[in-house]
There are 2 protein chains.
Amino acid sequence: MDNTQGKWPDHVGILALEIVVPSTYVNQTDLELHDGVSKGKYTIGLGQERMAFCSDREDVVSLCLTAVSLLMHRTKTSYSNIGRLEVGTETPVDKSKSIKSMLMRLFDNCNNVEGVDSTNACYGGTAALFNSIAWLESSAWDGRLALVVAADVATYARGGARPTGGAGAVAMLLGPNAPLVLDRELRASHMADTYDFYKGDMGTNYPTVDGKVSIRCYFEALYNCYYLYRKRFLKKFADTDNTNTPNNTSPKSVLQHFDAIVFHSPYGKLVRKAFTWLTLHDVQLDAKCYEDESDLLKYVNSDISVNMLSELGVIKDTDKLFKKLTAPTQKLPKNIGNMYTASIFGGLISYLLSKPINEMAGKRIAMFSFGSGMCSSFYSITIRPGEKLETLIDLLQHVPVMLENRQSTSTVEFENTLTNRELAYNKAPFEPTSNVDNLFPDSWYLTHIDSTFKRYYAQKK
Amino acid sequence: MDNTQGKWPDHVGILALEIVVPSTYVNQTDLELHDGVSKGKYTIGLGQERMAFCSDREDVVSLCLTAVSLLMHRTKTSYSNIGRLEVGTETPVDKSKSIKSMLMRLFDNCNNVEGVDSTNACYGGTAALFNSIAWLESSAWDGRLALVVAADVATYARGGARPTGGAGAVAMLLGPNAPLVLDRELRASHMADTYDFYKGDMGTNYPTVDGKVSIRCYFEALYNCYYLYRKRFLKKFADTDNTNTPNNTSPKSVLQHFDAIVFHSPYGKLVRKAFTWLTLHDVQLDAKCYEDESDLLKYVNSDISVNMLSELGVIKDTDKLFKKLTAPTQKLPKNIGNMYTASIFGGLISYLLSKPINEMAGKRIAMFSFGSGMCSSFYSITIRPGEKLETLIDLLQHVPVMLENRQSTSTVEFENTLTNRELAYNKAPFEPTSNVDNLFPDSWYLTHIDSTFKRYYAQKK
């Protein structure tokens with residue numbers, strides 16, 4: 001325990017990550033055909049490739065159980081060394097009992113584990129992360145580690161939003177002396193009362209979505225968060241000349257200090273636009289830092305609206321920067337779909353798998369988390385080299401293999417599965433019928449729901 | 001900002017509290033008659049006097065809006081001085097959008113406010129409190145204050161549990177140099193996967209309850225939490241002889257160090273039993289500290305089961321201690337009913353109103369928070385004398401007046417209101433019909449829910 005002196009422990013952050021996705025996916029090209037839309041509407045128009053979805057054997061609880069048990073097993077962590085566990089989700093299966101409480105079945109007699117569920121749309125995982133990081137820096141910390149799980153099953157009613165679904169869980173082990181350190185004092189949030197996407201109807205598993213308003217909220221949140229983050233950055237580094245790096249005489253904007261920018265990713269195209277929009281705003285905030293970028297300098301005095309971004313020229317002008325900073329964060333989001341609360345951490349994992357470990361040391365990652373309704377934050381992570389970083393990245397090597405080992409499913413089966421989930425929503429008693437053989441090894445799965453809505457799970461051996 | 005050196009600020013805790021209850025209640029004696037049960041079944045058997053309930057104008061969101069706006073107004077706090085706002089509830093009105101986001105409408109252009117909703121049954125308010133206290137001690141703290149709101153509308157289907165309902169919200173302003181300081185490093189939790197009380201059926205506003213299992217869980221949690229808290233206390237004060245106070249040669253058990261013990265209160269009788277059970281366990285843990293208490297020493301070697309407690313003798317033997325330590329925390333819980341997440345803070349407010357301010361200085365309050373499912377914690381608060389304590393208590397002086405100014409409602413009207421709420425559950429569009437005149441001044445209320453489940457509120461002027 002490092003905090004007996006009333007001080008924060010050093011380098012608090014992420015020690016290890018685990019991601020769990022269903023073993024089935026549907027190809028977005030197949031869906032385009034099936035839905036009778038123009039070729040490329042989902043793959044180019046939305047920027048998505050494959051979409052994960054759950055059979056009736058899997059739900060948000062089973063995904064969480066699998067993610068936590070795999071992370072604990074692979075990192076050889078004892079459950080007695082966990083002092084806090086928190087779940088971020090917007091796919092609740094109970095209005096009162098937390099998913100965190102359901103995960104306690106994994107903990108045997110280690111019951112002294114703080115934390116509950118955190119909810120606000122796709123932002124809940126970030127809230128859980130922030131809460132747990134604060135716990136590690138607080139007087140409540142008892143020297144043990146924290147676990148955060150972000151998990152969701154994202155499905156939409158038939159129509160335009162359906163191809164933007166997805167499913168998955170990311171579990172994170174947190175503690176001091178971590179290889180991925182959350183930058184202290186650099187964080188900004190933007191919260192407001194909006195109805196862009198919500199689930200006010202308790203009688204359905206689908207959200208109510210106003211896509212246009214949601215996009216407007218996303219961009220408003222991004223701008224306000226970055227603007228405030230930038231102010232904090234400049235204040236924190238007021239004594240140093242932050243616009244110059246030590247070995248480089250060219251000035252740098254705050255945005256240019258990042259080696260990667262991870263955005264919450266409902267679908268790839270929105271992230272592409274968001275990157276462009278953020279960059280153009282940064283050009284306007286810090287024109288002098290972009291003196292060598294003639295493609296961008298022309299936007300210094302332009303009034304940029306989100307709609308303008310669809311014009312190919314604007315997007316194209318930021319292409320080089322996008323390929324460097326954000327494209328490497330897109331592999332998982334494009335191949336899984338929107339995991340809601342877990343989505344941003346899927347982006348982080350994508351980046352960590354995108355280049356050799358020796359290129360990672362000292363890199364700084366920007367994270368933009370957005371949840372409709374709305375809650376959003378902009379924060380950053382610094383990568384510390386060393387053995388722990390190697391371990392963290394080693395533990396992720398199975399992820400690309402797992403993604404390839406999934407089964408491609410026909411669009412008809414995909415539609416049937418979603419219809420069945422729709423019919424099974426809030427049904428009790430309920431007996432799932434899907435074959436357990438199709439699940440990945442060690443997966444937890446739903447065995448049944450009894451007539452009083454109690455849920456029962458088992459682990460595939 | 002005190003934490004620029006990486007250190008915790010001093011005396012982090014509660015600066016001010018506000019409680020909001022509906023303006024209507026039903027008498028438990030009237031309910032006994034109405035339900036045709038034996039006289040005293042609810043008043044003596046459950047230990048309850050009055051039960052608050054909401055008309056169709058009020059819900060968990062309106063209670064939160066009222067509590068926050070009154071607390072901010074009465075403490076003359078600027079919304080720009082709030083850096084974090086978190087809601088604890090188990091009465092969600094949306095599966096995705098947080099109540100926290102709905103409260104942002106109060107914040108004008110002050111959008112940089114962290115925090116979301118925390119959920120696990122009656123424990124959610126405690127989770128929100130712990131999270132916010134940790135934020136104040138962490139590197140994320142920016143010098144502003146935190147707000148926590150715990151709020152619920154507790155209603156039960158017709159039957160034995162119905163008289164254990166209630167409704168209300170408690171808002172708390174948190175910061176450093178507070179008059180109510182959360183004791184550092186003294187906290188213990190007990191979490192487990194149980195189905196004693198839950199809301200797995202999304203089609204109803206009522207919980208599924210297994211009363212017997214719930215009581216067993218409550219006692220198991222209490223024992224485990226106290227046992228662990230006690231161990232921490234003894235470890236923390238290992239260097240001093242903690243069993244002796246400086247000016248008193250008689251030994252003290254850890255429990256005897258408290259001047260008040262607040263229990264989560266589903267109903268008074270359970271708290272009464274819990275107090276007895278805790279005391280008898282403490283006698284067994286620390287017999288030497290009870291040498292002068294012949295009434296209790298006889299239980300040193302007895303095997304105490306929860307069922308045994310109903311025998312009048314056992315309860316009676318702890319009566320003197322109960323009257324001193326816990327009876328003063330019962331006024332609000334008995335007169336409001338179970339406010340779920342807010343219940344424990346109603347107990348705290350009761351204690352703060354129970355004696356003259358000059359008797360409060362230095363007092364230590366134990367807090368036992370329990371949420372079914374289950375999550376529970378035992379923690380403690382030390383009262384710091386001074387101007388800020390006077391302000392905090394001054395701000396609560398309206399509470400007993402408010403409780404008396406409520407309208408007593410007939411049991412028929414109470415039943416009709418609950419039936420109407422049952423029929424209105426998840427109904428959209430929905431227009432409330434209750435008269436706004438009956439609400440307390442400055443109350444927020446539901447104006448309507450539109451056909452897409454968007455909720456609209458206004459404030460009574």
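## An open sheet in chain B

In chain B, three strands form an open sheet in the order E3-E2-E16, with mixed pairing; helices (H or I, at least four residues) and strands (E, at least two) are DSSP runs, numbered from the N terminus. Two strands pair if DSSP finds at least two bridges between them. Strand E3 (50–52) and strand E16 (407–409) of chain B are the edge strands, each pairing on one side only. From one strand to the next, the twist averages 40°. Strand E2 (residues 24–27) of chain B runs parallel to E16(B), and three bridges join them. In E16(B), Gln407(B) stands opposite Thr24(B).

Two helices lie across this sheet. Helix H1 (residues 28–35) of chain B lies across E2 and E3 of chain B and runs at about 60° to E2(B). Helix H15 (residues 411–424) of chain B lies across E2, E3 and E16 of chain B, at about 85° to E16(B). Axes are lines fitted to C-alpha atoms, for helices over the stretch in contact, and angles run from 0 to 180 degrees between N-to-C directions.

## About the model

This is a predicted model, in which local features need pLDDT of at least 70 and side-chain atom pairs count only at pLDDT 80 or more, while totals for chains, interfaces and linings use all residues. Residues are numbered from 1 along each chain as its sequence is written, chains are lettered from A and ligands numbered from 1 in the order in which they are written, and side-chain values use heavy atoms, with hydrogens and water left out.

## Two helices in chain A

Two packed helices are described by the angle between their axes and the distance between the axes. In chain A, helix H1 (residues 28–35) and helix H15 (residues 411–424) pack at an angle of about 80°, with axes 9 Å apart. H1(A) is therefore roughly perpendicular to H15(A) (65 to 115 degrees; under 35 counts as roughly parallel, over 145 as roughly antiparallel and the rest as oblique).

In H1(A), Asp30(A), Leu31(A), His34(A) and Asp35(A) meet Thr411(A), Val412(A), Phe414(A) and Glu415(A) of H15(A); contact means heavy atoms within 4.5 Å.

## A buried strand in chain A

What share of strand E8 (residues 180–191) of chain A is buried? Ten of its twelve residues are buried, so E8(A) is largely enclosed by the rest of the structure. Buried means under 20% relative accessible area, exposed over 50%, and partly exposed in between (1.4 Å probe, protein chains only).

E8(A) pairs with strand E15 (residues 375–383) of chain A in the antiparallel sense over eight bridges, and Tyr379(A) in E15(A) is the bridge partner of Arg187(A). Strand E1 (residues 13–20) of chain A also runs antiparallel to E8(A), joined by two bridges. Gly13(A) stands opposite Val181(A) in E8(A).

## Backbone exceptions

Most residues other than glycine have a negative phi, and most peptide bonds are trans. Tyr340(A) is not a glycine, yet has a positive phi of about 50°. Tyr340(A) lies in the loop between helix H11 (331–336) and helix H12 (343–352) of chain A, and is buried, with a relative accessible area of 2%. Phe453(A), not a glycine either, has a positive phi of about 75° and is buried, with a relative accessible area of 15%.

The peptide bond from Ala428(A) to Pro429(A) is cis, with omega near -5°. Pro429(A) is in the loop between H15 and strand E17 (444–449) of chain A.
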